[in-house]
Amino acid sequence: MLIIVRGYVLKSMLLAAAAVCAAVPVAAETVVITAARMLDVEKGAIVQQPVITVTDGRITAIGGTAPADAKRLDLGDVTLVPGLIDMHVHLDSTPLYGGYTGLQFTDTFWTAQGVGNAEAMLRAGFTTLRNLGSENFNDVAYKQAIEEGLMVGPRIVPAAHALSATGGHCDSTFYPPSFNQRGKAVGDTPDELRTHVRQQRKYGAEVIKVCATGGVFSRNTEPGQQQLSEAELRAVADEAHQWGLKTAAHAHGAAGIKAAIRAGIDTIEHASLIDDEGIRLAKERGTYLSMDIYNTEYTQAEGAKNGVLEDNLRKDREVAQIQRDNFRKANAAGVKMVFGTDAGVMPHKDAGKQFRIMVQYGMSPLQAIRAATVTAAEALGRSKDVGTITVGRYGDMVAVAGNPLSDVAVLERPVAVIKGGARID
(Lines give C-alpha, C1' and ligand atoms only; values in the text may rest on other atoms or scores of the structure.)
Protein backbone atom coordinates (compact mmCIF):
# COMPACT_ATOMS: atom_id res chain seq x y z
CA MET A 1 0.00 0.00 0.00
CA LEU A 2 2.86 2.34 0.85
CA ILE A 3 4.40 1.71 -2.58
CA ILE A 4 1.17 2.66 -4.26
CA VAL A 5 0.91 5.87 -2.26
CA ARG A 6 4.51 6.80 -3.01
CA GLY A 7 3.95 6.06 -6.68
CA TYR A 8 0.87 8.29 -6.66
CA VAL A 9 2.76 11.11 -4.91
CA LEU A 10 5.68 10.83 -7.32
CA LYS A 11 3.35 10.89 -10.31
CA SER A 12 1.61 13.98 -8.94
CA MET A 13 4.93 15.73 -8.40
CA LEU A 14 6.07 14.96 -11.95
CA LEU A 15 2.80 16.24 -13.41
CA ALA A 16 3.07 19.42 -11.39
CA ALA A 17 6.67 19.95 -12.51
CA ALA A 18 5.68 19.39 -16.14
CA ALA A 19 2.91 21.97 -15.80
CA VAL A 20 5.38 24.53 -14.44
CA CYS A 21 7.85 23.85 -17.27
CA ALA A 22 5.07 24.19 -19.85
CA ALA A 23 4.08 27.54 -18.36
CA VAL A 24 7.63 28.96 -18.54
CA PRO A 25 8.79 29.25 -22.18
CA VAL A 26 12.39 28.25 -22.88
CA ALA A 27 14.40 31.01 -24.52
CA ALA A 28 15.26 30.19 -28.13
CA GLU A 29 18.93 30.43 -29.06
CA THR A 30 19.43 32.78 -31.98
CA VAL A 31 22.62 33.25 -33.99
CA VAL A 32 23.16 35.81 -36.74
CA ILE A 33 25.73 34.74 -39.35
CA THR A 34 27.31 37.26 -41.69
CA ALA A 35 29.87 36.94 -44.49
CA ALA A 36 31.03 38.76 -47.59
CA ARG A 37 29.11 36.49 -49.98
CA MET A 38 26.62 33.62 -50.20
CA LEU A 39 25.90 31.21 -53.06
CA ASP A 40 22.23 30.78 -53.89
CA VAL A 41 22.49 27.28 -55.40
CA GLU A 42 18.98 27.35 -56.86
CA LYS A 43 19.49 30.59 -58.78
CA GLY A 44 23.19 30.04 -59.37
CA ALA A 45 23.90 33.56 -58.14
CA ILE A 46 26.23 35.12 -55.60
CA VAL A 47 24.46 37.20 -52.95
CA GLN A 48 26.51 40.01 -51.42
CA GLN A 49 26.70 40.66 -47.67
CA PRO A 50 24.15 38.06 -46.50
CA VAL A 51 22.69 38.28 -43.00
CA ILE A 52 21.38 34.86 -41.94
CA THR A 53 19.42 34.37 -38.73
CA VAL A 54 19.34 30.87 -37.23
CA THR A 55 17.05 30.06 -34.30
CA ASP A 56 17.25 26.71 -32.55
CA GLY A 57 19.20 25.24 -35.45
CA ARG A 58 16.99 26.36 -38.34
CA ILE A 59 17.18 29.41 -40.58
CA THR A 60 14.46 31.89 -39.64
CA ALA A 61 15.44 34.88 -41.76
CA ILE A 62 17.78 35.96 -44.54
CA GLY A 63 18.28 39.70 -44.56
CA GLY A 64 16.25 42.13 -42.51
CA THR A 65 17.06 43.38 -39.03
CA ALA A 66 18.84 40.94 -36.76
CA PRO A 67 17.52 40.50 -33.20
CA ALA A 68 19.44 42.71 -30.78
CA ASP A 69 20.11 39.91 -28.30
CA ALA A 70 21.32 37.37 -30.87
CA LYS A 71 24.80 35.88 -30.88
CA ARG A 72 26.95 37.13 -33.74
CA LEU A 73 29.14 35.05 -36.04
CA ASP A 74 30.96 37.19 -38.60
CA LEU A 75 32.98 35.02 -40.97
CA GLY A 76 34.53 37.88 -42.94
CA ASP A 77 35.75 37.67 -46.53
CA VAL A 78 34.34 34.23 -47.41
CA THR A 79 31.61 32.71 -49.56
CA LEU A 80 28.93 30.67 -47.82
CA VAL A 81 27.57 27.58 -49.56
CA PRO A 82 24.97 25.17 -48.20
CA GLY A 83 26.27 22.35 -46.04
CA LEU A 84 27.53 19.65 -48.39
CA ILE A 85 25.89 16.23 -48.75
CA ASP A 86 27.79 13.03 -49.60
CA MET A 87 25.34 10.38 -50.79
CA HIS A 88 27.66 7.37 -50.55
CA VAL A 89 29.86 6.91 -47.50
CA HIS A 90 31.09 4.05 -45.29
CA LEU A 91 32.00 5.48 -41.90
CA ASP A 92 33.09 2.17 -40.37
CA SER A 93 35.50 1.45 -43.22
CA THR A 94 39.03 2.73 -43.78
CA PRO A 95 41.31 2.40 -46.81
CA LEU A 96 44.33 1.84 -44.58
CA TYR A 97 43.69 -1.90 -44.16
CA GLY A 98 42.85 -3.65 -47.42
CA GLY A 99 42.51 -7.30 -48.36
CA TYR A 100 43.11 -9.48 -45.31
CA THR A 101 45.07 -6.95 -43.22
CA GLY A 102 41.96 -5.96 -41.27
CA LEU A 103 41.91 -9.36 -39.56
CA GLN A 104 44.57 -8.15 -37.14
CA PHE A 105 41.88 -6.17 -35.27
CA THR A 106 39.00 -7.10 -33.02
CA ASP A 107 35.50 -6.73 -34.45
CA THR A 108 34.64 -3.56 -32.56
CA PHE A 109 37.78 -1.82 -33.83
CA TRP A 110 35.78 -0.94 -36.95
CA THR A 111 33.03 0.67 -34.91
CA ALA A 112 35.55 2.70 -32.92
CA GLN A 113 37.57 4.02 -35.86
CA GLY A 114 34.40 5.25 -37.52
CA VAL A 115 34.02 7.92 -34.84
CA GLY A 116 37.01 9.79 -36.24
CA ASN A 117 35.78 9.34 -39.79
CA ALA A 118 32.48 11.03 -38.95
CA GLU A 119 34.28 14.03 -37.49
CA ALA A 120 36.67 14.18 -40.47
CA MET A 121 33.76 14.38 -42.90
CA LEU A 122 32.07 17.15 -40.94
CA ARG A 123 35.30 19.16 -40.83
CA ALA A 124 35.60 18.64 -44.60
CA GLY A 125 32.29 20.47 -45.02
CA PHE A 126 29.86 17.55 -45.24
CA THR A 127 27.08 18.34 -42.80
CA THR A 128 24.84 15.52 -44.09
CA LEU A 129 25.76 12.10 -45.41
CA ARG A 130 24.09 8.86 -46.46
CA ASN A 131 25.92 5.85 -45.04
CA LEU A 132 25.34 3.04 -47.53
CA GLY A 133 26.11 -0.11 -45.61
CA SER A 134 27.76 -0.85 -42.28
CA GLU A 135 28.28 -3.78 -39.97
CA ASN A 136 26.42 -4.28 -36.69
CA PHE A 137 24.18 -1.25 -37.26
CA ASN A 138 27.19 0.98 -36.64
CA ASP A 139 25.82 3.83 -38.75
CA VAL A 140 22.61 3.84 -36.73
CA ALA A 141 24.73 4.05 -33.57
CA TYR A 142 26.75 6.97 -34.95
CA LYS A 143 23.55 8.83 -35.81
CA GLN A 144 22.19 8.27 -32.31
CA ALA A 145 25.45 9.27 -30.62
CA ILE A 146 25.71 12.47 -32.67
CA GLU A 147 22.13 13.42 -31.90
CA GLU A 148 22.76 12.79 -28.19
CA GLY A 149 25.85 15.01 -28.22
CA LEU A 150 28.26 12.14 -27.56
CA MET A 151 29.97 12.33 -30.95
CA VAL A 152 30.93 15.05 -33.42
CA GLY A 153 29.70 14.38 -36.93
CA PRO A 154 27.25 15.15 -39.74
CA ARG A 155 23.56 14.39 -39.96
CA ILE A 156 23.48 10.71 -40.92
CA VAL A 157 20.97 8.83 -43.06
CA PRO A 158 21.84 5.18 -42.21
CA ALA A 159 21.28 2.08 -44.34
CA ALA A 160 22.53 -0.49 -41.80
CA HIS A 161 23.33 -3.81 -43.59
CA ALA A 162 23.33 -3.90 -47.39
CA LEU A 163 21.12 -6.55 -49.01
CA SER A 164 22.78 -9.14 -51.25
CA ALA A 165 22.45 -12.44 -53.06
CA THR A 166 24.42 -15.39 -51.71
CA GLY A 167 27.98 -14.95 -52.94
CA GLY A 168 27.21 -11.45 -54.18
CA HIS A 169 29.14 -8.26 -53.68
CA CYS A 170 27.58 -7.47 -50.29
CA ASP A 171 27.88 -11.02 -48.97
CA SER A 172 31.03 -12.07 -47.06
CA THR A 173 33.26 -13.33 -49.88
CA PHE A 174 36.83 -13.50 -48.56
CA TYR A 175 36.68 -16.64 -46.39
CA PRO A 176 36.86 -20.42 -47.06
CA PRO A 177 33.81 -22.66 -46.39
CA SER A 178 35.04 -23.74 -42.96
CA PHE A 179 34.48 -20.21 -41.64
CA ASN A 180 30.80 -20.31 -42.65
CA GLN A 181 30.78 -16.54 -43.11
CA ARG A 182 27.59 -14.98 -44.44
CA GLY A 183 26.43 -11.41 -44.83
CA LYS A 184 23.80 -10.21 -42.36
CA ALA A 185 21.21 -9.38 -45.05
CA VAL A 186 21.64 -12.09 -47.69
CA GLY A 187 18.50 -13.26 -49.49
CA ASP A 188 17.83 -15.40 -52.55
CA THR A 189 14.12 -14.88 -53.14
CA PRO A 190 11.89 -11.81 -53.29
CA ASP A 191 10.32 -12.76 -49.98
CA GLU A 192 13.66 -13.22 -48.22
CA LEU A 193 14.77 -9.81 -49.43
CA ARG A 194 11.50 -8.23 -48.28
CA THR A 195 12.17 -9.64 -44.81
CA HIS A 196 15.63 -8.08 -44.79
CA VAL A 197 14.16 -4.69 -45.72
CA ARG A 198 11.87 -4.96 -42.70
CA GLN A 199 14.71 -6.02 -40.41
CA GLN A 200 16.96 -3.11 -41.41
CA ARG A 201 14.12 -0.62 -40.94
CA LYS A 202 13.20 -2.17 -37.59
CA TYR A 203 16.62 -1.36 -36.17
CA GLY A 204 17.05 2.13 -37.59
CA ALA A 205 17.77 2.07 -41.33
CA GLU A 206 16.37 5.12 -43.14
CA VAL A 207 17.42 4.03 -46.63
CA ILE A 208 17.77 0.53 -48.05
CA LYS A 209 20.86 -0.45 -50.01
CA VAL A 210 20.85 -3.50 -52.27
CA CYS A 211 23.73 -4.92 -54.30
CA ALA A 212 22.47 -5.62 -57.82
CA THR A 213 25.83 -6.51 -59.42
CA GLY A 214 29.31 -7.65 -58.56
CA GLY A 215 31.84 -5.17 -57.29
CA VAL A 216 35.42 -3.98 -57.30
CA PHE A 217 36.39 -4.66 -53.68
CA SER A 218 34.71 -8.02 -53.13
CA ARG A 219 36.24 -11.40 -53.98
CA ASN A 220 34.93 -13.75 -56.69
CA THR A 221 32.58 -11.17 -58.21
CA GLU A 222 32.95 -9.08 -61.35
CA PRO A 223 31.55 -5.53 -61.57
CA GLY A 224 29.56 -6.20 -64.71
CA GLN A 225 27.85 -9.32 -63.39
CA GLN A 226 24.16 -9.01 -62.49
CA GLN A 227 23.47 -10.80 -59.18
CA LEU A 228 19.81 -10.10 -58.41
CA SER A 229 16.89 -10.43 -60.80
CA GLU A 230 14.59 -7.56 -61.67
CA ALA A 231 11.82 -9.30 -59.70
CA GLU A 232 14.06 -9.44 -56.60
CA LEU A 233 15.05 -5.80 -56.98
CA ARG A 234 11.40 -4.81 -57.43
CA ALA A 235 10.53 -6.61 -54.20
CA VAL A 236 13.17 -4.56 -52.38
CA ALA A 237 11.98 -1.27 -53.90
CA ASP A 238 8.30 -1.97 -53.30
CA GLU A 239 8.81 -3.07 -49.71
CA ALA A 240 11.04 -0.12 -48.87
CA HIS A 241 8.68 2.39 -50.49
CA GLN A 242 5.76 0.87 -48.63
CA TRP A 243 7.58 1.74 -45.38
CA GLY A 244 8.42 5.22 -46.65
CA LEU A 245 12.10 4.52 -47.27
CA LYS A 246 14.28 5.44 -50.24
CA THR A 247 16.42 2.81 -51.99
CA ALA A 248 19.92 2.69 -53.45
CA ALA A 249 21.40 -0.03 -55.66
CA HIS A 250 25.09 -0.80 -55.94
CA ALA A 251 25.26 -1.50 -59.68
CA HIS A 252 28.31 -1.36 -61.95
CA GLY A 253 27.10 -3.51 -64.86
CA ALA A 254 24.74 -2.31 -67.60
CA ALA A 255 22.21 -5.14 -67.19
CA GLY A 256 22.00 -4.74 -63.40
CA ILE A 257 21.69 -0.96 -63.70
CA LYS A 258 18.74 -1.26 -66.09
CA ALA A 259 17.06 -3.92 -63.96
CA ALA A 260 17.37 -1.69 -60.90
CA ILE A 261 15.96 1.33 -62.72
CA ARG A 262 13.01 -0.65 -64.09
CA ALA A 263 12.42 -2.09 -60.60
CA GLY A 264 11.96 1.40 -59.17
CA ILE A 265 15.22 1.83 -57.22
CA ASP A 266 15.74 5.54 -56.43
CA THR A 267 19.51 5.96 -56.86
CA ILE A 268 22.07 3.92 -58.76
CA GLU A 269 25.49 3.77 -57.09
CA HIS A 270 28.69 3.68 -59.18
CA ALA A 271 26.88 3.10 -62.54
CA SER A 272 30.31 2.46 -64.06
CA LEU A 273 29.31 0.46 -67.13
CA ILE A 274 25.98 2.13 -67.86
CA ASP A 275 25.03 2.02 -71.55
CA ASP A 276 22.95 4.35 -73.71
CA GLU A 277 19.73 2.53 -72.89
CA GLY A 278 20.48 2.80 -69.19
CA ILE A 279 21.10 6.53 -69.51
CA ARG A 280 17.81 6.91 -71.37
CA LEU A 281 15.93 4.92 -68.74
CA ALA A 282 17.46 6.93 -65.89
CA LYS A 283 16.46 10.21 -67.51
CA GLU A 284 12.93 9.04 -68.36
CA ARG A 285 12.23 7.70 -64.87
CA GLY A 286 13.98 10.39 -62.87
CA THR A 287 16.48 7.96 -61.36
CA TYR A 288 19.52 9.57 -59.74
CA LEU A 289 23.06 8.44 -60.52
CA SER A 290 25.75 8.58 -57.83
CA MET A 291 29.10 8.03 -59.55
CA ASP A 292 32.25 7.95 -57.40
CA ILE A 293 34.73 9.17 -59.99
CA TYR A 294 37.51 10.37 -57.67
CA ASN A 295 38.47 7.48 -55.39
CA THR A 296 40.44 5.51 -58.00
CA GLU A 297 43.14 8.20 -57.68
CA TYR A 298 43.76 7.06 -54.11
CA THR A 299 43.24 3.34 -54.69
CA GLN A 300 45.73 3.05 -57.51
CA ALA A 301 48.34 5.17 -55.67
CA GLU A 302 48.02 3.67 -52.19
CA GLY A 303 45.99 0.45 -52.44
CA ALA A 304 48.81 -2.06 -52.85
CA LYS A 305 50.77 -0.79 -49.85
CA ASN A 306 47.53 -0.89 -47.79
CA GLY A 307 47.06 -4.57 -48.59
CA VAL A 308 44.42 -4.36 -51.34
CA LEU A 309 44.60 -7.55 -53.42
CA GLU A 310 45.83 -7.32 -56.99
CA ASP A 311 42.56 -8.74 -58.30
CA ASN A 312 40.69 -5.84 -56.71
CA LEU A 313 43.18 -3.32 -58.09
CA ARG A 314 42.73 -4.91 -61.52
CA LYS A 315 38.96 -4.43 -61.41
CA ASP A 316 39.41 -0.84 -60.26
CA ARG A 317 41.71 -0.13 -63.20
CA GLU A 318 39.33 -1.73 -65.67
CA VAL A 319 36.27 0.31 -64.73
CA ALA A 320 37.85 3.65 -63.72
CA GLN A 321 38.10 5.44 -67.06
CA ILE A 322 34.91 3.88 -68.42
CA GLN A 323 33.03 5.18 -65.38
CA ARG A 324 34.42 8.68 -65.86
CA ASP A 325 33.52 8.73 -69.54
CA ASN A 326 30.00 7.51 -68.75
CA PHE A 327 29.69 10.18 -66.05
CA ARG A 328 30.33 12.79 -68.74
CA LYS A 329 27.83 11.15 -71.08
CA ALA A 330 25.06 10.81 -68.47
CA ASN A 331 25.47 14.39 -67.28
CA ALA A 332 25.37 15.70 -70.84
CA ALA A 333 22.17 13.73 -71.41
CA GLY A 334 20.49 15.49 -68.50
CA VAL A 335 20.34 12.63 -66.01
CA LYS A 336 19.96 13.69 -62.37
CA MET A 337 23.42 13.39 -60.79
CA VAL A 338 24.23 13.39 -57.08
CA PHE A 339 27.54 13.63 -55.25
CA GLY A 340 28.77 10.32 -53.83
CA THR A 341 32.39 9.43 -53.08
CA ASP A 342 32.36 5.93 -51.52
CA ALA A 343 34.52 7.44 -48.74
CA GLY A 344 36.04 4.55 -46.83
CA VAL A 345 37.57 3.31 -50.06
CA MET A 346 39.58 6.54 -49.78
CA PRO A 347 40.18 8.76 -46.71
CA HIS A 348 37.01 10.48 -45.55
CA LYS A 349 38.76 13.82 -45.18
CA ASP A 350 39.42 13.84 -48.94
CA ALA A 351 35.78 13.66 -50.06
CA GLY A 352 35.83 17.26 -51.32
CA LYS A 353 38.47 16.41 -53.91
CA GLN A 354 35.78 14.83 -56.09
CA PHE A 355 34.36 18.25 -57.07
CA ARG A 356 37.43 18.95 -59.19
CA ILE A 357 37.10 15.62 -61.03
CA MET A 358 33.39 16.18 -61.68
CA VAL A 359 34.21 19.48 -63.35
CA GLN A 360 37.06 17.87 -65.27
CA TYR A 361 34.57 15.37 -66.68
CA GLY A 362 31.96 17.77 -67.94
CA MET A 363 30.10 19.47 -65.10
CA SER A 364 30.13 23.18 -64.51
CA PRO A 365 31.15 24.18 -60.98
CA LEU A 366 27.52 25.05 -60.25
CA GLN A 367 26.32 21.62 -61.43
CA ALA A 368 28.87 19.90 -59.21
CA ILE A 369 27.84 21.99 -56.19
CA ARG A 370 24.16 21.34 -56.85
CA ALA A 371 24.89 17.60 -56.99
CA ALA A 372 26.12 17.87 -53.38
CA THR A 373 23.39 20.22 -52.16
CA VAL A 374 19.96 20.80 -53.64
CA THR A 375 19.88 17.73 -55.92
CA ALA A 376 21.20 15.44 -53.19
CA ALA A 377 18.55 16.76 -50.79
CA GLU A 378 15.86 15.95 -53.37
CA ALA A 379 17.21 12.41 -53.77
CA LEU A 380 17.17 11.96 -49.98
CA GLY A 381 13.59 13.22 -49.82
CA ARG A 382 14.75 15.88 -47.34
CA SER A 383 14.50 19.13 -49.25
CA LYS A 384 12.67 20.75 -46.33
CA ASP A 385 15.70 20.22 -44.09
CA VAL A 386 18.95 20.46 -46.06
CA GLY A 387 20.43 21.39 -49.44
CA THR A 388 19.94 25.15 -49.55
CA ILE A 389 20.46 28.23 -47.41
CA THR A 390 16.76 28.97 -47.15
CA VAL A 391 14.31 29.91 -44.42
CA GLY A 392 13.09 26.75 -42.74
CA ARG A 393 16.17 24.64 -43.51
CA TYR A 394 18.80 23.69 -40.98
CA GLY A 395 21.48 26.33 -40.49
CA ASP A 396 24.12 24.17 -42.19
CA MET A 397 26.76 26.09 -44.14
CA VAL A 398 30.33 25.88 -45.34
CA ALA A 399 32.54 28.94 -45.70
CA VAL A 400 35.20 28.91 -48.41
CA ALA A 401 37.78 31.44 -49.57
CA GLY A 402 37.07 32.89 -53.00
CA ASN A 403 34.28 32.07 -55.42
CA PRO A 404 33.46 28.35 -55.90
CA LEU A 405 31.77 29.14 -59.20
CA SER A 406 35.16 30.23 -60.52
CA ASP A 407 37.30 27.64 -58.74
CA VAL A 408 35.40 24.62 -57.40
CA ALA A 409 38.59 23.35 -55.75
CA VAL A 410 38.11 25.86 -52.91
CA LEU A 411 35.55 23.37 -51.56
CA GLU A 412 38.47 21.07 -50.70
CA ARG A 413 39.64 23.59 -48.07
CA PRO A 414 36.76 24.92 -45.95
CA VAL A 415 37.51 27.99 -43.86
CA ALA A 416 34.62 27.25 -41.50
CA VAL A 417 31.87 24.67 -41.11
CA ILE A 418 28.55 25.50 -39.46
CA LYS A 419 25.98 22.88 -38.44
CA GLY A 420 22.64 24.01 -37.08
CA GLY A 421 23.96 27.53 -36.62
CA ALA A 422 26.93 26.39 -34.52
CA ARG A 423 30.48 26.70 -35.80
CA ILE A 424 32.49 23.49 -35.63
CA ASP A 425 35.70 24.34 -33.77
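A salt bridge here is a side-chain nitrogen of Lys or Arg within 4 Å of a carboxyl oxygen of Asp or Glu. E310 and R317 form one, with their closest N and O atoms 2.5 Å apart. This is a predicted model, in which local features need pLDDT of at least 70, side-chain atom pairs count only at pLDDT 80 or more, and totals for chains, interfaces and linings use all residues. Residues are numbered from 1 along each chain as its sequence is written, and side-chain values use heavy atoms, leaving out hydrogens and water.

**Salt bridges**

- By this rule the count comes to 27 salt bridges.
- In the E310 pair, E310 is partly exposed at 48% relative accessibility, and R317 is partly exposed at 42% (buried means under 20% relative accessible area, exposed over 50%, partly exposed in between, with a 1.4 Å probe and protein chains only).
- Shared partners join K258, D275, E277, R280 and E284 into one salt-bridge network.
- R198 meets E239 at 2.7 Å, N to O.
- R198 is partly exposed at 43%, whereas E239 is buried at 1%.

**Disulfide**

- The structure holds 1 disulfide, meaning a pair of cysteine sulfur atoms within 2.5 Å.
- C170 is joined to C211, S to S 1.8 Å.
- C170 sits in the loop between β10 (155-158) and α4 (190-202), and C211 in strand β11 (residues 207-211).
- Both ends are buried: C170 at 18% relative accessibility and C211 at 0%.

Key
Helix = DSSP H or I, 4+ residues; strand = E, 2+ residues; numbered from the N terminus.
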